[in-house]
Amino acid sequence: MKLLKIAMAGTLLISVASTTAFADPVKGQKLFIKKFKKSCGMNGAKFAAQHTQDEWESIQENGKFKEELMKICPDINENKIKDKWINHVYDFSYEYANDSGNVPSC
């Protein structure tokens, strides 16, 4: 019974980790441009620069990324944000945060 619980916990951990591992900052940039740039009223560089990498990481770990996206861009309709996009847009935001030294091309 204990071995079964460990195996199930391991499977859950791997599935969660693999979802994050497949997130892509390039895809996040494309999603931001296509889905949020107009409603947000700023380009992706300005959006990502709203926080440091540590701040973006903390927001994501606390499950507040969608909330923060809507706080920074209040004209975005919550129903238009698909959960499957969150990890990609987060990766984009983290990659181009104000302390990253990286500049996106959007």
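**The α4/α5 crossing**

Modeller: The axes of α4 and α5 approach to within 7 Å, crossing at roughly 120°. Axes here are lines fitted to C-alpha atoms, for helices over the stretch in contact, with angles from 0 to 180 degrees between N-to-C directions. Helices (H or I, at least four residues) and strands (E, at least two) are DSSP runs, numbered from the N terminus.

This is a predicted model: local features need pLDDT of at least 70, side-chain atom pairs count only at pLDDT 80 or more, and totals for chains, interfaces and linings use all residues. Residues are numbered from 1 along each chain as its sequence is written, and side-chain values use heavy atoms, with hydrogens and water left out.

Helices α4 and α5 are therefore oblique to each other. The classes are roughly parallel under 35 degrees, roughly antiparallel over 145, roughly perpendicular from 65 to 115, and oblique for the rest. From α4, the contact uses Trp56, Ile59 and Gln60; from α5, it uses Phe65, Glu68 and Ile72. Contact means heavy atoms within 4.5 Å. By class, four of these residues are nonpolar, one is polar and one is charged. Nonpolar covers Ala, Val, Leu, Ile, Met, Phe, Trp, Tyr, Cys and Pro; charged covers Asp, Glu, Lys and Arg; the others, Gly among them, are polar.

Now His51. This residue lies in the loop between α3 (44-48) and α4 (53-61). Its relative accessible area is 14%, so His51 is buried. Buried means under 20% relative accessible area, exposed over 50%, and partly exposed in between (1.4 Å probe, protein chains only). Beyond its neighbours within four places in sequence, His51 touches Trp56, Ile59, Glu68, Ile72, Ala97 and Asn98. With Glu68 there is a side-chain to side-chain polar contact at 2.7 Å. A polar contact is a pair of N or O atoms within 3.5 Å; within protein, one must be able to donate a hydrogen and the other to accept it, and residues adjacent in sequence count only if both atoms are side-chain atoms.

Next, the segment after α6, which holds Asp99. Its side chain reaches the backbone nitrogen of Gln53 at 2.9 Å. Thr52 and Gln53 are the contacts of Asp99 once neighbours within four places in sequence are set aside. Asp99 is partly exposed because its relative accessibility is 44%. Asp99 and Ala49 are 50 residues apart in sequence, yet 7.9 Å apart in space, C-alpha to C-alpha.

Back to α5, for charges. Lys66 and Asp83 form a salt bridge, N to O at 3.5 Å. The pair joins distant parts of the chain, 17 residues apart: Lys66 is in α5 (residues 65-72) and Asp83 in α6 (residues 83-95). A salt bridge is a side-chain nitrogen of Lys or Arg within 4 Å of a carboxyl oxygen of Asp or Glu. Asp83 is exposed at 60% relative accessible area, while Lys66 is partly exposed at 22%. Glu67 pairs with Lys64, closest N and O atoms 3.8 Å apart. Lys64 is partly exposed at 39%. A search of the whole structure gives two salt bridges.

The loop between α5 and α6 contains Pro74. Pro74 is exposed, at 63% relative accessibility.

Finally, the whole protein. There are six helices and zero strands. Of its 106 residues, 34% count as buried. Among contacts with a separation of 6 or more, 66% join residues 24 or more positions apart.
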